[in-house]
Amino acid sequence: LFLLFKLVQLGLIFIPPTETTSSSTTIQSLLHCFLSIESNTLQLALQWTVYSIFLCLFHLGEYFSTCIYNPSVTTSDSFMINQSKAYTAAALISWVEFAIRIFFFPQNNSTRMFHVGIFLVILGQTCRTLAMVTCGESFNHYIQRDKKDNHELVTKGIYSILRHPSYFG
């Protein structure tokens with residue numbers, strides 16, 4: 001519902017004024033407008049929603065994987081929200097790119113690429129989470145300059161297939 005109101009606010013959906021202001025008439029108007037939205041607009045809204053969900057799941061996954069498999073280093077930084085200026089810049093640029101695509105090139109929307117993107121995100125997150133699980137106490141979000149006593153070189157599990165699976169993810 002929030003997304004629907006945002007689309008109205010941005011002018012992507014127009015709700016004609018009605019003579020009565022009863023709640024059932026308003027709901028009927030919203031439902032009528034929602035059902036008459038172009039499929040391309042719905043697809044773009046779905047893409048942004050799925051992107052937001054995956055972004056939240058990434059940060060929650062980072063935190064909970066660290067809590068479960070490496071609790072000795074778990075802090076609020078384990079959410080990885082403020083991890084670097086480069087990450088923040090990349091996120092902002094991706095949001096601007098999406099906005100430009102919505103407003104200037106909505107016809108260049110590919111459902112097939114959306115599905116490929118979903119597959120790649122799930123594959124990448126699975127590899128990253130497996131890397132964190134496989135490393136356990138040896139995994140850290142930050143580059144370590146000194147070897148800890150409990151650190152070990154991990155060559156089993158996903159590390160036997162990929163050299164840096166957490167970067168791959």
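I looked up the contacts of asparagine 150 and found Glu137 and Ser138, leaving out residues up to four places away in sequence; contact means heavy atoms within 4.5 Å. I note that this is a predicted model, where local features need pLDDT of at least 70 and side-chain atom pairs pLDDT 80 or more, while totals for chains, interfaces and linings use all residues. Residues are numbered from 1 along each chain as its sequence is written, and side-chain values use heavy atoms, without hydrogens and water.

I placed asparagine 150 in the loop between helix H5 (111-135) and helix H6 (165-168). Helices are DSSP runs (H or I) of at least four residues, numbered from the N terminus. Glutamate 137 is 13 residues away along the chain, with 7.4 Å between its C-alpha atom and that of asparagine 150. Asparagine 150 is partly exposed at 39% relative accessible area (buried is under 20%, exposed over 50%, partly exposed in between, with a 1.4 Å probe and protein chains only).

Next I looked up aromatic pairs and found three. Rings of Phe, Tyr and Trp (its six-membered ring) pair if their centres lie within 6.5 Å; planes under 30 degrees apart are stacked, over 60 edge-to-face, the rest tilted. Tryptophan 48 and tyrosine 51 have ring centres 5.3 Å apart and planes at 35°, so I logged the pair as tilted. They sit three residues apart in helix H3 (residues 39-69), about one helical turn. Tyrosine 63 and phenylalanine 64 pair edge-to-face, at 5.5 Å between centres and 75° between planes. I also noted one aromatic cluster of Trp48, Tyr51 and Phe98.

How values were computed:
Helix = DSSP H or I, 4+ residues; strand = E, 2+ residues; numbered from the N terminus.
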